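Welcome, and thanks for taking a look at this one with us. Please open the sequence and the 3D view side by side before reading on.

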Amino acid sequence: MKFSCTAFLLSFTLPGHAQAPPAYRFKTDTLHEGIPQPMHLEYGPDDQIYFIEIAGKVQRYNLKSKSLTTLAHLVVTNDQENGLIGMALDPKFKDNNWIYLYHSPLDYKGQILSRFTITGDELDPKSRKDILKVAEQRNQCCHHGGTLRF
């Protein structure tokens, strides 16, 4: 019985059973170069790409004009892999322009999930609403998770 189960399971992993998709199904486009440590990106309902960098930048890339706009630069600590580590656009972003950011402010030992409003070409710092605070020690390193999903 053990042999037949093993043979059955191995049949799914043997060469020839799993094939890579054809190359024509994928295309690589370089949108912008020189972006240090991007952490997350999301395609918005306005046909623009929103992304963050660990050092605190919130950016938007316009696919039509191929231009990059810095919406904000949050002040964060980058010690021990902290920083701006998570981002999500609100499910109703097209109507409310809300963006959620998971960040490591200098004045708090931990991470904060905050909601902001994007107005025009900037993130409005006065719109900040803290939703969750996660206290942590910063004496030992590392590996902070920050993915946000709706």
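How many bridges pair strand S6 with S7, and in which sense, parallel or antiparallel? Strand S6 (residues 98–103) and S7 pair over six bridges, and the sense is antiparallel. Please keep in mind that this is a predicted model.

- S6 and S7 make a hairpin, with six residues lying between them.
- Strand S7 (residues 110–119) is mostly covered, since eight of its 10 residues are buried.
- S7 also runs antiparallel to strand S8 (residues 122–135), and nine bridges join these two strands.
- Here Thr119 has Glu122 in S8 as its bridge partner.
- S7 and S8 form a hairpin too, with two residues between them. In that turn, Gly120 has a positive phi of about 65°.

**The open sheet, S1 to S4**

- Four strands make up an open sheet in the order S1-S2-S3-S4, and their pairing is antiparallel.
- Strand S1 (38–43) and strand S4 (67–73) are at the edges. Each has a single partner strand, so one side of each has no neighbour in the sheet.
- From one strand to the next, the twist averages 20°.
- S1 and S2 run antiparallel and are joined by five bridges. On this pairing, Pro38 has Glu53 in S2 as its bridge partner.

**Aromatic pairs**

- Searching the whole structure turns up two aromatic pairs.
- One of them brings together Tyr50 and Phe93, with ring centres 5.3 Å apart. Their planes stand at 75°, and an angle over 60 degrees counts as edge-to-face, so this pair is edge-to-face.
- The pair links distant parts of the chain, as Tyr50 belongs to strand S2 (residues 48–53) and Phe93 to helix H2 (residues 93–96), 43 residues apart.
- Are these two residues buried or exposed? Tyr50 has a relative accessible area of 1% and is buried. Phe93 also counts as buried, at 3% relative accessibility.

**Charges over rings**

- Arg115 places its charged end over the ring of Trp98, 3.6 Å from the ring centre.
- The charged end of Lys133 sits over the ring of Tyr108, and here the distance to the centre is 5.4 Å.

Conventions. Residues are numbered from 1 along each chain as its sequence is written. This is a predicted model: local features need pLDDT of at least 70, side-chain atom pairs count only at pLDDT 80 or more; totals for chains, interfaces and linings use all residues. Side-chain values use heavy atoms; hydrogens and water are left out. Rings of Phe, Tyr and Trp (its six-membered ring) pair if their centres lie within 6.5 Å; planes under 30 degrees apart count as stacked, over 60 as edge-to-face and the rest as tilted. Buried means under 20% relative accessible area, exposed over 50%, partly exposed in between (1.4 Å probe, protein chains only). A charge sits over a ring if NZ of Lys or CZ of Arg is within 6 Å of the ring centre and within 35 degrees of the ring normal. Two strands pair if DSSP finds at least two bridges between them. Axes are lines fitted to C-alpha atoms, for helices over the stretch in contact, and angles run from 0 to 180 degrees between N-to-C directions.
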